Amino acid sequence: VGCGCAGPRCQPPCAMASGTDFLFLLPDAWCGFVVGAKGATIQRLRRDYRVDVEIEDRKRGGPQPRAIRITGAVNAAIACLQDLFTCIARELPERERDSTHHIEAMVKGTQVGAVIGSGGKNAARIRAEFGCGLKIRSGKSPEDPGTIELSGKLKAIVFACCDIMTAIAEP
């Protein structure tokens, strides 16, 4: 039994039992799809995967990307992330489903190296394996967060996010 992400690097739950805290930015319009009518979708995600899902309040000054945080066991967080993006894809207008999208994830400065990999091999593998754009920005110090920018088809971004969550999972 895999972690539920259905990605090529899906790991068995026993190897992914530790916790994770994954923070990423979604377009404001997509956050309503995650919340669902009267909060039904976000409540179901929390209940079904036993993870905490938090969405940043809407900012003043118009629609801007909003932070979403998933906290919990790695295998459950990955399955939740996949379900979350499935909800988004289902609600997107058909013309937008195969468009190129952009997602940013924030990781601890100490986790940036796990995403890059030795000599940049992990970052190159993610680009090649999932067919998405990947830009990594480190903070000025290990205490500063790093930013992972993913671009591509929604499905490719989901698989890349699941892979990154696996890479940064703390033992």
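Start with helix H3, residues 74–91, and helix H7, residues 154–168: their axes come within 10 Å and cross at roughly 165 degrees. Axes here are lines fitted to C-alpha atoms, for helices over the stretch in contact, with angles from 0 to 180 degrees between N-to-C directions. Helices are DSSP runs of H or I, at least four residues, numbered from the N terminus. That crossing angle makes H3 roughly antiparallel to H7, a label for angles over 145 degrees.

This is a predicted model: local features need pLDDT of at least 70, side-chain atom pairs count only at pLDDT 80 or more, and totals for chains, interfaces and linings use all residues. Residues are numbered from 1 along each chain as its sequence is written, and side-chain values use heavy atoms, leaving out hydrogens and water.

Who touches whom? On the H3 side, Phe85 and Ile88 are among the residues meeting H7, whose partners include Val158 and Met165. Contact means heavy atoms within 4.5 Å. By class, 12 residues there are nonpolar, 2 are polar and none is charged.

Next pair. H1, residues 28–35, and H2, residues 40–49, have axes that come within 5 Å and cross at roughly 65 degrees. Phe33, Val34 and Val35 of H1 meet Ala40, Thr41, Ile42 and Leu45 of H2.

Last, the core. Which residues touch the most other members of the largest nonpolar core? Phe24, Leu26, Leu84 and Phe85, out of 46 residues. A nonpolar core joins buried Ala, Val, Leu, Ile, Met, Phe, Trp, Tyr and Cys residues through side-chain atoms within 4.5 Å; buried means under 20% relative accessible area with a 1.4 Å probe, protein chains only. H7 gives the largest share, 11 residues.

Terms used: Helices (H or I, at least four residues) and strands (E, at least two) are DSSP runs, numbered from the N terminus. Angles under 35 degrees count as roughly parallel, over 145 as roughly antiparallel, 65 to 115 as roughly perpendicular and the rest as oblique. Ala, Val, Leu, Ile, Met, Phe, Trp, Tyr, Cys and Pro count as nonpolar, Asp, Glu, Lys and Arg as charged, and the others, Gly among them, as polar. Buried means under 20% relative accessible area, exposed over 50%, partly exposed in between (1.4 Å probe, protein chains only).
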